[in-house]
Amino acid sequence: MIGIGPDELAPRCSRAGCDAEATMSVNWRNPKIHSVDRVKVWLACDEHSEYLREYLDARDFPVIVTPFGVSVEAVP
Ligand SMILES: [Zn+2]
């Protein structure tokens, strides 16, 4: 194995039971409890970024999916 640090520092997908490396950031907020400048971030692998986006979208939460490491200042 080639690594640049302890394995637990590697970003992992937020999907329960998924151990894949995170490649996407799912930026979202709950408009009922979060102000517009609040951004929650889930990490996701390629396979689950769409699953997580739809999960949030189904609850009418605003969501923006970005490549891992790219942050957003707000989720309008
Ligand atoms: Zn995953």
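Two strands count as paired if DSSP finds at least two bridges between them. Helices (H or I, at least four residues) and strands (E, at least two) are DSSP runs, numbered from the N terminus.

This is a predicted model: local features need pLDDT of at least 70, side-chain atom pairs count only at pLDDT 80 or more, and totals for chains, interfaces and linings use all residues. Residues are numbered from 1 along each chain as its sequence is written.

Q: Which residue of β2 is the bridge partner of Trp28?
A: β1 covers residues 24-28 and pairs with β2 in the antiparallel sense over five bridges. Within β2, Trp28 has as its bridge partner Lys40.

Q: In what order do the three strands form the open sheet?
A: The pairing is antiparallel. The edge strands, pairing on one side only, are β2 (40-44) and β3 (63-67). The order is therefore β2-β1-β3.

Q: Which residue in β3 does Val26 stand opposite?
A: β1 and β3 pair in the antiparallel sense over five bridges. In β3, Val26 faces Val65.

Q: How many residues of β1 are buried?
A: A residue is buried if 20 or more other C-beta atoms, placed from the backbone, lie within 10 Å of its own. Met24, Val26 and Trp28 point one way, Ser25 and Asn27 the other, and all are buried. β1 is largely enclosed by the rest of the structure, because the buried count is five of the five.

Methods:
Buried ≥ 20, exposed ≤ 12 C-beta atoms within 10 Å, placed from the backbone.
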